[in-house]
Amino acid sequence: MALKWGPRFKGDGLPESLFAQAHAAMSEISLITDSRQNILHVSESFTAITGHRPDEVMGRNCRLLQGPGSDPETKRAMRTALAAGEAFRGEILNYRKDGSAFWNDLSIAPLHDAAGRLTHYVSVQRDINTRMALHEQLRFQALHDPVTGLPNRVALAERLTEIFSVGDHDEVTAAVGMIDLDDFRAVNNAFGHEAGDLLLKEWAARMQANLRDGDFLGRMGGDEFILVINNINRSTAPTVLAGILDLLHTAVERPFLASGKSVRVGMSMGLALYPRDGCDMASLLRNADDALYQSKKTKTNRDRWWALSTIEPTAEAGTDLAYLRAGVAGAVARPDSSVVDSYRERLRSGGLEAYMQPVIDLRDGSVHLFEALARLRMTDGRLVSPGDFLPYLTEAELDLLFVGMLDQALGWVATWDAEGLRANISVNLPPSTLLNPDCLSLVRDALQRHNIAPDRLGLELLESQTLQWEIQRDALDQLVGLGVGLAMDDLGAGYSSLKRLSVLPFNAIKLDRELLTEIRRKPVETLSMIASLIQMGRDFEMNVAIEGLEDLGITEAAVVLGAPLGQGYYLTRPLPAAEAAGWAGGFTLDVQPNAPRTYLGGLAYHWQFARLGAPHPRPLTTCPLTGLLDDSPASEDVMRWHALQHDPDATHPSAGRMLVDWLVQQIRHKGAVTGGAFTPV
């Protein structure tokens, strides 16, 4: 069958064989040039896109479409490919006849004759302005707050990464500030969220008008903002910062309008200096938050609206902004917007699933409490963990997540009751949801809907700087008044305040798994810290649960030290909710405080007496440590040190310390052999 090229190319006199060859290379020809890239033919689509008529461009080089915005790197790559007789595909900003710009999705293919000589180029040009505009819009949305238009936490991560990539400099520094708007929530509550959003937008515009070129202001959520001041000379930093920050404060020195009424808000800020106060994002933000806390405490009688960090932290390389939501560690690149959108879509369309982490009573091995953990079931069946989706949820989506998890968790409590399992449930409460005026009614309505007594529900609040505990006191008191329990989650994660713990209405604390990270290298120090926190819980009359019981040794240590509750992978991984009742019915705790099988368990047992200079209470023959040492390569000296701990007539603290040192050596040696896991002797 003959190919009819005439109607498409209007018979330019070019041989049909050339058109056939060109069509084989490109399905939609816009342009044909000779080997020197001079135009021989243009199609109607070329004229429609560029505005150039065929007679205006014949014989001219196709570079006529390029202009000042055409990327030099793309042009260089195109020239290199064409000079080598190779194909090129790329996106380049070109210019129409009228001077207007358009994004061109350009494909160029070389044509060769029978002898292999380059003879022509054919190209397809597509106007992708709409696609590029959408791409830029999505990129802007991914990096900016929708209310104020300010950069968001993802953009902050990029900006700080740029600063860190330059490295420590002898002469210049950068400052990272955490800003909180004083009295904004009162305005929001009095005039509504719409008026509050307009105030934030006006405040952001005022602040940006006073920012220096190269400085950064971003919104983290609510009324929390991050300021990055770059390229500050170290020798003049205090003076220069004072001048910059005085200018920025003028943003709140005149009133705002809220629903037609004049209102005033103030600002407080904590400031951390790079690299003095940290060399990574988490350290700088943590110290800036600590300084902010000090600034807010003195806001009624302070000389300036900001405070410098006075802490010299140890930087933890590799940490990132995940502290803001779910404790996601590592500077992980943000997934594609389509991935994030799929997470959000599944959250809204029934993809939320509750998994259950049993919390074991370590005193008797019973199971009467589960922690509900969020998972997203994707359309392809994959199960997504919270560390993958929580950092990208908005406050409204976190509210939706909490409501969904609360409903599922209480529904399973009712189901377990029918199956004969009497168990309580705990649900994680995002700090932002606590700010929601409807938080109390959401919890109360869910309890009534499932006919569950309030004292069977516990709410776990992450111990993070995003929660302003003093401001949230009323909300916490209301929840306690309803009858639900409150636990401070992840105590020890880095934002602790024992004063907060003592004055706010918590009835339980959960010790963060991060407290155990050094237990293989510093077992005695870690045991001392854990024991102190367990004792603190007793003193405050709070229940204590220890997270991160990942192997037998750590579990033994927790049991020996008297931790009331524990959870971790050694006991079980999180379970599908439907399997929880069956698992609980068959569970048996295989750890006894008086029968340690690991060196860490043995150390915990001995250390609890050695630290007090007290002898072991049981006879030597029935001492829990005797069986452990009998199964170990203990020397005669080790056996003698242990025997002296049972001397009824005298104490032997030196022997006790040497026994501690020997057990520590065994822990480190066995850890090196087993890859770190605490296994039976």
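Colleague: Where does Asn451 lie in this model?

Modeller: Asn451 sits in the loop between α16 (439-450) and β17 (457-462). Helices (H or I, at least four residues) and strands (E, at least two) are DSSP runs, numbered from the N terminus. The model is a predicted one, in which local features need pLDDT of at least 70, side-chain atom pairs count only at pLDDT 80 or more, and totals for chains, interfaces and linings use all residues. Residues are numbered from 1 along each chain as its sequence is written, and side-chain values use heavy atoms, with hydrogens and water left out.

Colleague: What is the phi of Asn451, and is Asn451 buried or exposed?

Modeller: Phi is near 55°, a positive value in a residue other than glycine. Buried means under 20% relative accessible area, exposed over 50%, and partly exposed in between (1.4 Å probe, protein chains only). Asn451 counts as exposed because its relative accessibility is 71%.

Colleague: Which strand holds Asn231, and what is the phi of this residue?

Modeller: Asn231 belongs to strand β8 (residues 224-233). Its phi is near 55°, again positive in a residue other than glycine. With a relative accessible area of 54%, Asn231 is exposed.

Colleague: Which residues does a cis peptide bond join?

Modeller: The cis bond joins Tyr274 and Pro275, with omega at about 5°. Pro275 is placed in the loop between β11 (266-274) and α11 (281-297).

Colleague: Which residue forms a salt bridge with Arg159, and where do both partners lie?

Modeller: The partner of Arg159 is Glu162, and their closest N and O atoms are 3.7 Å apart. Both lie in helix α7 (residues 153-166), 3 residues apart, or about one turn of the helix. Arg159 is partly exposed at 25% relative accessibility, and Glu162 is also partly exposed, at 47%.

Colleague: How far apart are the closest N and O atoms of Asp380 and Arg382?

Modeller: In that salt bridge the distance is 2.9 Å. Asp380 counts as exposed at 54% relative accessibility, whereas Arg382 is partly exposed at 43%.

Colleague: Which residues do salt bridges with shared partners join into one network?

Modeller: The network consists of Arg53, Asp55, Glu56 and Lys97.

Note on methods
Salt bridge = Lys/Arg side-chain N within 4 Å of Asp/Glu carboxyl O.
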